[in-house]
Amino acid sequence: KKVIEKLKEEIIHSKEFDSLTGLPMRARFDENLDVAIQKAKDQEINLHLTCIDIDHFKSVNENYGSELGDEILRKLVQSIKSIVPNKSGRLYRLGGDSFALLFSEEAEKDVQGMISSLVTLNASGDKLLKSYQSHVSVGTAKLTPNMSGRDLWLKAVEDMRNNRKT
């Protein structure tokens with residue numbers, strides 16, 4: 001019985017968490033975003049969403065191999081996690097080279113510093129990515145009273161596109 005329960009837990013974990021980075025994946029993000037928005041609205045607290053994307057990452061995998069691409073992703077996740085104070089925000093892997101960072105009011109005082117550090121990561125990048133003609137794009141949005149999760153996401157993506165290097 002214990003073996004079956006352990007296998008069930010492993011299957012659930014593999015569906016919800018990325019095996020490469022250990023981060024929760026899109027389905028978990030979607031669930032947590034809805035809960036965080038409802039909590040923010042109910043408690044009248046601030047909520048921020050930051051989108052992070054590695055531009056031209058496909059060419060890194062194609063030209064240098066997926067092993068190097070995987071290593072870059074792991075190092076980038078470690079860099080982002082080092083910027084985010086413990087329990088201030090939650091990082092998710094949404095897809096191949098796309099990430100989301102969700103902050104609540106507890107992190108309000110840290111938000112500007114984190115965003116500044118992410119922008120610095122983008123500007124410097126990228127020592128990790130620079131030699132591969134790739135870089136990080138970052139966009140952030142703050143929840144307003146009438147926003148849905150989709151609205152918050154679209155606003156963060158729009159900000160990311162406006163900040164993207166060409």
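Reader: In what order do the strands of the open sheet stand, and is their pairing parallel or antiparallel?

Author: Two strands pair if DSSP finds at least two bridges between them. Here an open sheet of four strands has the order β2-β3-β1-β4, with antiparallel pairing. Strands β2 and β4 (135-142) stand at the edges with a single partner strand each, so one side of each is left without a neighbour in the sheet. From one strand to the next, the twist averages 20 degrees. Before we proceed, please note that this is a predicted model, in which local features need pLDDT of at least 70 and side-chain atom pairs count only at pLDDT 80 or more, while totals for chains, interfaces and linings use all residues. Residues are numbered from 1 along each chain as its sequence is written, and side-chain values use heavy atoms, with hydrogens and water left out.

Reader: How many bridges join β2 to strand β3?

Author: Six bridges join β2 to β3 (residues 98-104), and the two run antiparallel. Within this pair, Gly-95 has Ser-98 of β3 as its bridge partner.

Reader: How many helices and strands does the protein have?

Author: Helices (H or I, at least four residues) and strands (E, at least two) are DSSP runs, numbered from the N terminus. The protein has seven helices and four strands, and its elements run α-α-β-α-α-β-β-α-α-β-α from the N terminus on.

Reader: Which strands does α2 touch as it packs on the sheet?

Author: Contact means heavy atoms within 4.5 Å; axes are lines fitted to C-alpha atoms, for helices over the stretch in contact, and angles run from 0 to 180 degrees between N-to-C directions. Helix α2 touches β1 (47-55), β2 and β3, and its direction makes about 140 degrees with that of β2. Helix α4 (residues 66-83) lies across β1, β2, β3 and β4, at about 155 degrees to β2.

Reader: What is the separation of the rings in the pair of Phe-29 and Tyr-92?

Author: Rings of Phe, Tyr and Trp (its six-membered ring) pair if their centres lie within 6.5 Å; planes under 30 degrees apart count as stacked, over 60 as edge-to-face and the rest as tilted. A search of the whole structure finds two aromatic pairs. Phe-29 and Tyr-92 are edge-to-face, at 5.2 Å centre to centre with 70 degrees between the planes. Phe-29 lies in helix α2 (residues 26-43) and Tyr-92 in strand β2 (residues 89-95), so the pair ties together parts 63 residues apart in sequence. Together with Trp-153, these two residues form one aromatic cluster.

Reader: Is Phe-29 buried or exposed?

Author: Buried means under 20% relative accessible area, exposed over 50%, and partly exposed in between (1.4 Å probe, protein chains only). Phe-29 is buried, at 2% relative accessibility, and Tyr-92 is buried at 1%. By contrast, Ser-148 is partly exposed at 31%; Ser-148 lies in the loop between β4 and α7.

Reader: Which residues have the most contacts inside the largest nonpolar core?

Author: In soluble globular proteins, nonpolar side chains tend to be buried together. A nonpolar core is a set of buried Ala, Val, Leu, Ile, Met, Phe, Trp, Tyr and Cys residues joined through side-chain atoms within 4.5 Å. The largest core has 20 residues, and those with the most contacts inside it are Phe-29, Leu-47, Leu-49, Leu-102, Leu-143 and Leu-152. Its largest share, five residues, comes from α2. A second, separate core of 17 residues includes Ile-54, Phe-57, Val-77 and Phe-99.
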